[in-house]
Amino acid sequence: MIRKVILALSTLVAVNAIADEQAEPLPFISTNAIIDGKLDEPVWQQAKKIAINNVTWPQENIPSPVSTTAYVYENGTSLFVAYRANDPTPELIRAFYKDRDRVWNDDLVGLKIDSFNSGRSAYQFFINPLGVQLDSIENELTKSEDSSWNGIWDSAGTIDDQGYTVEIEIPLRVLNFDDSKQVKNMAMEFLRFLPRDQRLRLSNMQISHANSCWICQMPEYSGFAKAKQGNNIAIIPSLVLSKSQTRDIDGSEVPDWQDDDKSEPGLDVKWAITPDTTINATLNPDFSQVEADTGQLSVNNSFSLFFPEKRAFFLDNADYFSSHLNLIHTRNIAAPDYGIKLSGNKLGHTYGVFVTNDEQLNVLVPGNLGSSVISLEQKSDNVALRYRYDVNDGLSIGSSATIRDSKDYKNQLISFDTKYKPTTSDTFKVQLLRSNTQYSQAFADELCDGDDGDCAQLPATECVQGEDCDFNEGVLRTLNQDDLDGLGYFLNYEHNTKHWRTFTSYQSYDEGLRADMGFMSQVDFNKFLAGFEYRWYGEQDNWWNRARWYTDWDITHNDDGALLEKEIQTNVAIDGPLQSFIDFGVEHRKRTGLRHNKASLKIDNNSDLFSENTLWTYMEFKPVSGLFAGLNLRTGNKVDLANNRVGQMRFARPVINLNLGKHFEVNFRHSYETLNADGAQVYTANLTDVRLTYQFNINSYLRIAVIHTDIDRNIENYIDDVDAQYKSLSTQLLYSYKLNPQTVFFAGYADKGYQDDDLSKLTKDEKTFFAKFSYAWLM
């Protein structure tokens with residue numbers, strides 16, 4: 001027995017020694033390079049030289065048409081990387097001054113770092129030739145890239161007549177890594193993006209397109225013997241000043257403005273209490289939106305819109321809380337007084353927990369035909385926990401839990417999930433979840449649009465029969481539900497090779513399931529989906545470089561077995577010259593319309609089944625430097641949800657992003673939708689989102705955003721009373737100065753207004769002047 005143990009330990013040591021030998025060493029040089037975009041310091045001659053000479057996309061591992069060299073070393077506290085990117089036609093280099101994370105279409109160099117060498121996630125650092133930064137976290141578990149993560153690192157770039165040079169310094173404190181080891185192995189990939197007629201992805205490594213996990217293929221580099229995370233502390237005080245005016249213009253008379261002046265000091269602290277565990281704390285934080293959300297057109301839609309998270313406290317290590325399903329969506333938390341978060345990663349164990357209160361209570365109430373959002377002026381407490389264990393390269397298991405607690409309301413959810421990859425081509429995903437929810441009477445009162453909410457206290461049949469009560473599904477989902485339990489599960493299998501992919505999934509969320517901390521807009525349904533995709537790859541000299549054919553079929557029932565939806569769709573897409581992309585598809589869907597008796601949640605014998613047939617196409621191209629043009633078109637018959645019938649729909653969304661010089665950018669986005677039924681117009685809706693930005697340098701910009709909505713309805717073609725017109729206009733003028741993502745100054749003005757049948761013109765109901773200052777002390 002002892003011999004077997006000794007033999008096993010010896011084998012393990014030998015395997016580790018072989019793995020360490022395979023890792024390429026990075027030199028340690030106790031010198032700080034000056035980050036100025038110039039390779040004129042002797043230290044770069046001692047750095048490790050890495051050739052970026054391989055095209056990995058859209059082609060697979062062919063020689064690069066340009067020469068690129070990375071110079072790499074570390075000094076125990078920072079990783080230094082410089083790039084010399086030669087270009088035979090430097091006048092074609094695409095580089096503009098923009099805010100960070102907005103330069104994806106430019107020429108770029110950078111690197112990916114899997115600091116735990118686990119194949120689960122990677123930090124991404126990219127820089128354009130002018131030194132503008134773009135960073136994100138790539139999550140292999142969810143196959144997503146979170147560009148909202150912002151690290152504090154330094155970069156500079158210069159363009160010359162032979163190409164460009166970029167230098168960067170990444171403090172090791174921005175990375176999570178295990179510093180208990182003397183020599184540390186990190187997987188890294190060094191990259192260059194060359195956008196011309198095609199957008200070439202150049203790498204120092206070869207990548208197999210048959211393996212969907214690209215992080216898993218990154219080579220290992222060893223070193224960092226003196227690197228210690230230590231008790232790194234960041235203290236970030238902030239001050240928010242605002243002067244706002246609001247008024248209630250719901251009626252023919254316009255009241256006076258109500259003033260509200262605020263001066264809100266706040267404090268954020270980040271502390272690496274151990275090398276593996278970080279604590280974030282915030283007091284009186286500014287969780288307001290500085291940047292206006294992209295306008296979304298919400299017409300003929302029964303489900304709630306999704307808005308992404310943009311706030312720093314929740315974004316830090318946000319990937320630690322992710323799973324297959326969106327069970328932790330922090331935009332539900334509106335205005336907390338405090339927040340505290342603990343997160344870490346150690347030997348394959350990833351964990352995170354945060355606790356916040358909230359001055360408001362925002363809850364998404366889901367159904368199977370629609371969802372409703374309720375907002376109550378009452379405080380709530382919010383807790384989220386996530387744990388994942390990476391057993392080996394192919395198996396991960398995890399668990400999530402959330403709690404929301406308020407006056408006469410509570411939601412608790414627990415979930416277990418796993419991801420298993422028995423081969424590089426096969427992936428199994430499973431997630432099980434269970435919830436318990438306790439609603440208060442205030443929920444039904446708020447959702448029931450009746451006589452001051454009194455209809456929510458009546459029996460359902462009496463409420464529907466009363467002329468003064470307009471029931472919706474949200475009321476039915478909360479009415480008389482004192483204690484609600486729910487169960488759900490998600491199963492997914494995918495086989496993915498270089499040329500083809502097949503997949504199938506099954507979801508089942510029963511009517512009592514609630515994920516109030518996440519974004520779950522539909523329950524009381526089970527859905528089966530199966531699909532197939534085939535891919536073609538063009539040769540290097542072809543006019544096209546990639547094409548695909550995709551199709552899937554799905555069918556959805558409610559808990560009682562009634563059909564909610566059945567759909568089949570197929571589309572063909574191709575990547576062509578001038579960085580063009582065109583996608584053309586058709587879909588046929590049978591779907592359930594409105595309930596005839598709004599007092600009942602039944603589907604059978606209480607609704608109609610309609611057919612929708614749609615043709616759609618999406619196209620985009622980037623023909624020259626600084627221009628992006630896209631167009632989304634859709635036409636066909638579509639259910640008119642307001643009147644429970646089928647109409648003829650047309651939809652168009654053009655997008656143009658244009659740079660005029662290196663500093664000025666115009667972003668234009670317009671959505672147009674019209675629906676006709678019974679030989680007449682039902683509605684015509686337009687939404688225009690225009691943003692003009694002047695970027696003074698990599699640190700500051702001035703931006704004006706204008707979002708205008710115009711909805712025109714033919715009231716003669718509606719069953720119920722509606723406004724014949726609705727217009728809204730919101731504007732924002734914003735000046736931003738960012739020394740780094742946490743040392744910032746914002747100042748601006750924003751207003752909103754609308755017009756309906758009771759108002760003769762667009763009338764403002766909100767005006768705000770605001771300023772924010774925060775400064776990061778790093779210790």
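This is a predicted model: local features need pLDDT of at least 70, side-chain atom pairs count only at pLDDT 80 or more; totals for chains, interfaces and linings use all residues.
**Exercise 1.** Determine how Tyr 420 and Phe 428 are arranged as an aromatic pair, and whether each is buried, partly exposed or exposed.

*Solution.* A search of the whole structure finds 27 aromatic pairs, and one of them joins Tyr 420 to Phe 428, with 6.5 Å centre to centre and 25° between the planes. Because planes under 30 degrees apart count as stacked, this pair is classed as stacked. Turning to accessibility, Tyr 420 has a relative value of 39% and so counts as partly exposed, and Phe 428, at 36%, likewise counts as partly exposed.

**Exercise 2.** Classify the pair formed by Tyr 489 and Tyr 506, and work out which parts of the chain the pair ties together.

*Solution.* The ring centres of Tyr 489 and Tyr 506 are 6.0 Å apart, and with 35° between the planes the pair is tilted. Tyr 489 belongs to strand S27 (residues 484-496) and Tyr 506 to strand S28 (residues 500-509), so the pair ties together parts that are 17 residues apart in sequence. Relative accessibility is 29% for Tyr 489, which therefore counts as partly exposed, and 25% for Tyr 506, which also counts as partly exposed.

**Exercise 3.** Identify the residues that form one aromatic cluster with Tyr 694, and find the ring over which the charged end of Arg 703 sits.

*Solution.* Tyr 694 forms one aromatic cluster together with Phe 696, Tyr 735 and Phe 745. The charged end of Arg 703 sits over the ring of Tyr 701, at 4.4 Å from its centre. Elsewhere, Arg 199 lies over the face of Trp 104, 4.5 Å from the ring centre.

Note on methods. Residues are numbered from 1 along each chain as its sequence is written. Side-chain values use heavy atoms; hydrogens and water are left out. Rings of Phe, Tyr and Trp (its six-membered ring) pair if their centres lie within 6.5 Å; planes under 30 degrees apart count as stacked, over 60 as edge-to-face and the rest as tilted. Buried means under 20% relative accessible area, exposed over 50%, partly exposed in between (1.4 Å probe, protein chains only). Helices (H or I, at least four residues) and strands (E, at least two) are DSSP runs, numbered from the N terminus. A charge sits over a ring if NZ of Lys or CZ of Arg is within 6 Å of the ring centre and within 35 degrees of the ring normal.
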